[in-house]
Amino acid sequence: MSGTSEATVASTTEDGPDVGTGATSEPTSSSSAESTSTTASSGTTTSGTGTTTSGGTTTSGGTTDSTGTTGPVAVCGDGVVQAGEVCDDGNQDDSDACLVTCSPAKCGDGEVQAGVEACDDGNADDLDACSDACVQASCFDKIANGGETDLDCGGACKQGCKFGQGCAVDSDCQAKSCEGGTCASGLTLPDCPGDPDVTAAIVFAAVVAPRCGPCHVAGQSAGGLNMLDAATMQANLVGVKAQTAAMLRVTPGDLDHSYLVYKLLDLAYYVTGGSGEGMPLDGPLSDAELCVVLDWISSGAK
């Protein structure tokens, strides 16, 4: 062989030593038995379980974008509004404008938004302690709610309910009398003879003219009620709705539903819408005078 060999050739035989350069050569391997790293072209090699990307840096965990830049996984609460989130204020406070679910706070979500809502029970029931507008029920909101037995009365309200309104117990009523879930009239009446022959003329002569004259006779119409004579008295009382109360002035045959009776007993406040002082203004009627009026109404207000 002529010239210089670029590589040393090693050969082995079964019977003898290697022949060639005169030196004994150990077998060699062209690659290592194990590789513990992954090499990326034009990148950085990391050991372990990371993923290597071409032209970028690899870290364990996270996500890699199209440029090869890896960042943390987006989560609700990181302060950045991501796809699928409406808001993200980066905190765990459910009383502000953005919930921990990254949804905007609203009435009905069950979380009370500080400075905006007084309550939030998470339902649309307008008759419980928290309205569907997230306003706390009260005894002055014109709604029968929050455990009231009727409109702004009974239950937890100090105001007792009036005659005919709903109740659960006697204390729910102004008259302290609840019968079958309804406030009773609460009228305490004298034991009258029950004369069926009392007429409007008798009532006018015995009671109205002597006791009601200054306010309702002689052309006077206090409270919108003129009783100039018997006929005018009857026409303006019987079957006529009271000016403010939710009741007729006189309902023939029904004392409980005749507002005139409540006014004579100074119990106008027992009736829904009822108000003002008792009549007459110069003092209550005697039992005898009162019985003339009561017997007239009971017998049909003829």
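Reply: The model is predicted: local features need pLDDT of at least 70 and side-chain atom pairs pLDDT 80 or more, while totals for chains, interfaces and linings use all residues. Residues are numbered from 1 along each chain as its sequence is written, and side-chain values use heavy atoms, without hydrogens or water.

The structure contains nine disulfides, a disulfide being two cysteine sulfur atoms within 2.5 Å. Three of them are taken up here, among them Cys 119 with Cys 130.

In that pair the sulfur atoms sit 2.0 Å apart. The S-S torsion of Cys 119 and Cys 130 is about 95 degrees, so this disulfide is right-handed. The pair links distant parts of the chain, eleven residues apart, with both Cys 119 and Cys 130 in the loop between β2 (70-71) and β3 (178-179). Strands here are DSSP E runs of at least two residues, helices are H or I runs of at least four, and numbering starts at the N terminus. Cys 119 and Cys 130 are both buried. Buried means under 20% relative accessible area, exposed means over 50%, and partly exposed lies in between (1.4 Å probe, protein chains only).

Next comes Cys 139 with Cys 157, their sulfur atoms 2.1 Å apart. The torsion about the S-S bond of Cys 139 and Cys 157 is about -100 degrees, so the disulfide is left-handed. Cys 139 and Cys 157 each lie in the loop between β2 and β3, 18 residues apart. Cys 139 is partly exposed because its relative accessibility is 23%. Cys 157 has 8%, so this residue counts as buried.

Then take Cys 167 and Cys 178, bonded with sulfur atoms 2.0 Å apart. The torsion of Cys 167 and Cys 178 is about 90 degrees, so the disulfide is right-handed. Cys 167 is in the loop between β2 and β3, while Cys 178 is in strand β3, eleven residues away. Cys 167 is buried at 11%. Cys 178 is buried at 17%.

The model has one cavity of 30 Å³ or more. A cavity is a set of points, on a 1 Å grid over the protein atoms alone, where a 1.4 Å probe fits but cannot get out; lining residues have an atom within 4 Å of a point. The largest cavity has a volume of about 100 Å³, the space filled by probe spheres set on grid points joined across faces, edges and corners. Its lining has 13 residues, with Val 208, Cys 212, Met 227, Leu 260 and Val 293 nearest the centre. Cys 212 is buried, with a relative accessible area of 13%.

Which helices supply the lining of the largest cavity? At least two residues each come from α1 (200-216), α2 (230-237), α3 (259-264) and α4 (287-298). α1 gives the most, with four. By class, the lining has 13 nonpolar, no polar and no charged residues.

Finally, the whole protein. Four helices and four strands make up its secondary structure, in the order β-β-β-β-α-α-α-α along the sequence. Of its 302 residues, 31% are buried. The protein exposes about 17700 Å², with 53% supplied by carbon and sulfur atoms (Shrake-Rupley method, 1.4 Å probe).

How values were computed:
1 Å grid on protein atoms, 1.4 Å probe; cavity = no way out; pocket = protein on both sides within 12 Å on 5 of 7 lines; lining within 4 Å. Nonpolar A, V, L, I, M, F, W, Y, C, P; charged D, E, K, R; others polar.
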